[in-house]
Amino acid sequence: MTRMIPHFIGGTAVESSGGRVADVFEPSTGAVQARVPLATADEVRAVIDNAEAAQPEWAATNPQKRARVLMKFIELVHRDRDELARLLSSEHGKTLEDAKGDIQRGIEVIEFCIGAPHLLKGEYSTGAGAGIDVYSMRQPLGVVAGITPFNFPAMIPLWKAGPALAAGNAFVLKPSERDPSVPVRLAELFIEAGLPAGVFNVVHGDKEAVDTILTDPRVRAVGFVGSTPIAEYIYATAAAHGKRAQCFGGAKNHLIVMPDADLDQVVDALIGSGYGSAGERCMAISVAVPVGDEIADALAARLTERVRELKVGPSLADDVDYGPLVTRAAVERVEGYIQQGIDEGATLLADGRGFTVEGHEDGFYLGPTLFDHVTTDMAIYREEIFGPVLVIARAPDYEHALAMASDHEYGNGVAIFTRDGDAARDFAARVNVGMVGVNVPIPVPIAYFTFGGWKNSGFGDLNQHGADAFRFYTKTKTVTSRWPSGILRQAQAESGGASFVIPTMH
Ligand code: NAD
């Protein structure tokens, strides 16, 4: 019988009573390996009930003790890392090593959150007026939620939950229905680490579950990561229901290759960041922009050679560069883009369509695909493909390359490869994109900086992780207090007592 993945509510695994389910595939073989329940609105409300009941006591637990739970959690994730990585890889299709990286990047944010006692400190001004002290404190919001995508089933839930929990909130996670098992295992580990029941909950589902989260007045904030149309919908709906929202969307990341760049380094960077994880990363490089035809011709020739050597196979096999895509529908979608690129007149240097792996003929594989002479009006340049497809869009000079990255509707990540410090500085300062790499192809900021794209890659005014995450998951209260001294009392008596003008520091 096919395994049914449970929700995780009130500290325990709970079977769904709703009836609607979705298939969870093993992308490497194409087989259905489990089913996931799609929660009803009533089930989601029951989860929020649990979170609401558990939150006050958690908020009242001192921040050092909350941080200790996270410390223990890190230890447990390391203990179970190999098992978690296998589970993640088998549902997502990324290689085992890449799955370990997914978990590790999540854990690095939890490590940052251990600094919660410091990060939650308020500000204090003594003697702001006669006998007046002013101080601020950061308080949790209450129940908050995370709605996360399939492509980082460990990292992104942990980016959302870590700061929220450390700040004293209760958390409702609605993970992707395509690879939902790892979030449930993380929930179990939180309990084992000492997190009180009900503080971290996982509810599976689709639009019905998401809409219930968005409209329930008890959920005070929503952190979302996924595709841009859904990010926009969630941002608008959450705001219309009085919630805070930070919603991160799709991407089309450019890598500018200056004529003086080290071509060996550039080719390695493009192969790794373009095809790693089958291109299913929001920070994948999907557009190479060589500046000038000389370096463009050399780059196209070198990439064509290297693409042929890539090893594509089952995600759990050794020695595989990348595995299958997440679903058959994802393969068909990407194949549609490849055909569109051909129809629009781009030069196809490597065609990944029809790719099969011996013994795994039903797996969701797609070979590496490379286009040259792609122009900014083509769909394969404008739209996010989210597959192992790299396009070369040539620029005549630096200003054109800069404008291409800046004018694109997405603004998640961008990179420049050059030996010229002046060009790199100018690029970093002027490019209209949220995260910039200089000779670094995937500039995902480390945990104690913040992560967030611009333009249609991010909606909301605070980024993920780093100090911003603590701002997002807390509200600031400011206290103005006066303990009247004898002198003040005397001054008040002389001025006649009550005052009818706005207090100032005059
Ligand atoms: P998706 O938008 O399909 O799904 C994301 C989440 O939204 C899932 O939990 C899903 O169940 C839910 N959802 C889907 N349709 C919905 C609807 N109609 N109403 C309400 N909720 C809905 O995204 P995905 O395919 O899981 O993930 C890939 C996308 O995520 C890519 O576009 C990628 O660029 C983006 N992404 C962005 C970042 C970032 O930080 N900017 C990071 C990772 C992934």
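## The β4–β5 hairpin

Gly30 takes a positive phi near 85° in the hairpin of β4 and β5, which has 4 residues between the strands. Strands here are DSSP runs of E with at least two residues, and helices are runs of H or I with at least four, both numbered from the N terminus. β4 and β5 run antiparallel and are joined by 6 bridges. Within this pairing, Asp23 stands opposite Arg35 in β5.

## Basis of the model

This is a predicted model, in which local features need pLDDT of at least 70 and side-chain atom pairs count only at pLDDT 80 or more, while totals for chains, interfaces and linings use all residues. Residues are numbered from 1 along each chain as its sequence is written, and side-chain values use heavy atoms, with hydrogens and water left out.

Two strands count as paired if DSSP finds at least two bridges between them. Strands of a sheet pair through backbone hydrogen bonds, either parallel or antiparallel.

β1 and β5 (residues 31–37) run parallel, with 2 bridges between them. Arg3 stands opposite Ala34 in β5. Met4 has Arg35 as its bridge partner in β5. Arg35 also stands opposite Asp23.

## The antiparallel sheet

A further open sheet has 3 strands in the order β6-β7-β23, with antiparallel pairing. Its edge strands are β6 (124–129) and β23 (474–482), and each pairs on one side only. From one strand to the next, the twist averages 25°.

β6 pairs with β7 (residues 132–140) in the antiparallel sense over 3 bridges. Ser125 has Val134 as its bridge partner in β7.

## Two domains

The protein divides into domain 1 (3–249 + 457–476) and domain 2 (253–447). These bounds come from an automatic or database domain assignment. The C-alpha centres of the two domains lie 30 Å apart. Between them, 28 residues of domain 1 are in contact with 28 residues of domain 2. Contact means heavy atoms within 4.5 Å.

## The ligand site

There are 29 residues around the ligand, and Thr148, Lys174, Glu177, Ser227 and Glu384 come nearest.

A polar backbone atom of Phe150 is 3.0 Å from an oxygen atom of the ligand. A nitrogen atom of the ligand lies 2.9 Å from a backbone N or O atom of Gly249. In the side chain of Glu384, an N or O atom is 2.6 Å from an oxygen atom of the ligand. On its own the ligand has 850 Å² of accessible area (Shrake-Rupley method, 1.4 Å probe), and the protein covers 89% of that.

Technical notes:
Near = heavy atom within 4 Å. Polar contact = N/O pair within 3.5 Å; in protein donor to acceptor, adjacent residues only side chain to side chain. Axes fitted to C-alpha atoms, helices over the stretch in contact; angles between N-to-C directions.
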